[in-house]
Amino acid sequence: MRLDSNQILSHNDSFSAKHRESFQFLNRELTDKGVDVESVISQLQQFQVAIPSWALGAGGTRFGRFSIGGEPGDLYQKLADISLINDLTGAAGAISLHIPWDIPDETSNLLDWAKECGISFDAVNSNTFQDQAEQALSYKYGSLCHTSSAVREQAIKHHVEVINYGKSLGSKSITIWLSDGSTFPGQLNFRQSLSRTKESLQEIYKHLPDDWKMFIEYKPYESQFYSTVVQDWGTSYLLAAACGEKAYSLVDLGHHLPNTNIEQIVATLLSLGKLGGFHFNDSKYGDDDLTVGSIKPYQLFLIFLELVSGTSDPSVLNPPISYMIDASHNVKDPLEDLIQSLEAILLSYAQALTVDFIKLDKLREKNDVTLAQELLQDAYRTDCRPLLREARIRKQAAYSPIGFYRENNLRQKLIQERGFSNRAKGL
Ligand code: PSV
Ligand code: MN
């Protein structure tokens, strides 16, 4: 379903007086503090987050799945859904594909359709955490770390195939998340499995085109419950360093043990020039994959503070970061959920962009702990939503993406178009 841009314009017009008032108020407040509001708006307009191909249907947990109706039944419909989100938010111009959940067939038709939808292909994701029907050897005891060289070769071949799919679609990166590890003590030799994983990744790396990046995601536990080979940012970093300059670490917010200081990890990876990508989500207990900003919004702001200060520091030699959402659950409409995630990401970004880092540095030099904290909390407690709305309105996206979605009964229209029993492939 494609949206009529006139409908969005008239939605925006109906809020124009209300918006003008709140935007002008915030504009004055921020300008008085020395913030270059125009520059913040233009950075917000440029910020893009890739949408995962696996988060557009009703998410499932191991306890069940509740259909929402109108789910995208194939990749073409997934692209249409992302283009709808992008039309409403102006911030979601790319898809991140999971292979083999979304194998692109008839590539030229797909590329034409993606172009028509205004969507490009971001990082492609491999999958060796599940066995596929036609697969010769099982990943039950690991993939790139497996004791059998035949299994490792099969997994390496899969990664090469994923790179080739990505090449045909114009992707420039591959994200590798391995569930390899052990569920019981004694099951696996830590040193050998790490070394086999390193060698397998180095083999995959040989197939990486010159203008590509490899992102290595880490996770402390799950699906294995005793040990995971790539358990933390340090292991991911050492593997990326062992592969070469096109390999980077990827931070998934849900892949940390409770209370880990993720913003410090972000700062460390940035200073090493090895922060490649981000998977946004939120969690209360483990890898809960909840809507971004729904549980720990202050943490998200602190992470953006490191991203903004790190990427604007000329001494930090880190390439541009790939931002992706990796969230999914089974209670909300996934399109509304993704819109909420985008809003939370942009809000934290906007708040971080309003921080006076020179002033913050001076306070740090003087060890003025109180005022340094005040400065951060003042930015965090400033309602920057009018800036996001202004950025959207200027891009002809919607003043209120969720409001527009509801007013126009878009889920009901998708159900009419696609029926109730379509089931999106993925989680
Ligand atoms: C694993 O938990 C993960 O974060 C990886 O990025 C996977 O590709 C994705 O979720 C989907 O299962
Ligand atoms: Mn992830």
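The largest cavity in this predicted model holds about 70 Å³ of space, a cavity being a set of points on a 1 Å grid over the protein atoms alone where a 1.4 Å probe fits but cannot get out, and a volume being the space filled by probe spheres set on the points. The count comes to four cavities of 30 Å³ or more. Residues with an atom within 4 Å of a point count as lining, and for the largest cavity these are Leu44, Gln45, Thr89, Gly90, Ala91, Leu346, Leu388, Ala391, Arg392 and Lys395. Two or more residues of this lining come from each of α3 (37-46) and α14 (385-394), with α14 giving the most, three residues. By class, the lining comprises five nonpolar, three polar and two charged residues, Gly being counted as polar.

Ser171 is placed in the loop between α6 (149-169) and β6 (173-176), where helices (H or I, at least four residues) and strands (E, at least two) are DSSP runs numbered from the N terminus. With a relative accessible area of 1%, Ser171 is buried (under 20%, 1.4 Å probe, protein chains only). The Ser171 side chain reaches the backbone oxygen of Asp122 at 2.8 Å. Apart from neighbours within four places in sequence, Ser171 is in contact (heavy atoms within 4.5 Å) with Phe121, Asp122, Val124, Gly166 and Trp212.

Residues are numbered from 1 along each chain as its sequence is written, and side-chain values use heavy atoms, with hydrogens and water left out. Local features need pLDDT of at least 70 and side-chain atom pairs count only at pLDDT 80 or more, whereas totals for chains, interfaces and linings use all residues.

Terms used. Chains are lettered from A and ligands numbered from 1 in the order in which they are written. Buried means under 20% relative accessible area, exposed over 50%, partly exposed in between (1.4 Å probe, protein chains only). A polar contact is a pair of N or O atoms within 3.5 Å; within protein, one must be able to donate a hydrogen and the other to accept it, and residues adjacent in sequence count only if both atoms are side-chain atoms. On a 1 Å grid over the protein atoms alone, a cavity is a set of points where a 1.4 Å probe fits but cannot get out, and a pocket is an open set with protein on both sides within 12 Å along at least five of seven lines; lining residues have an atom within 4 Å of a point.
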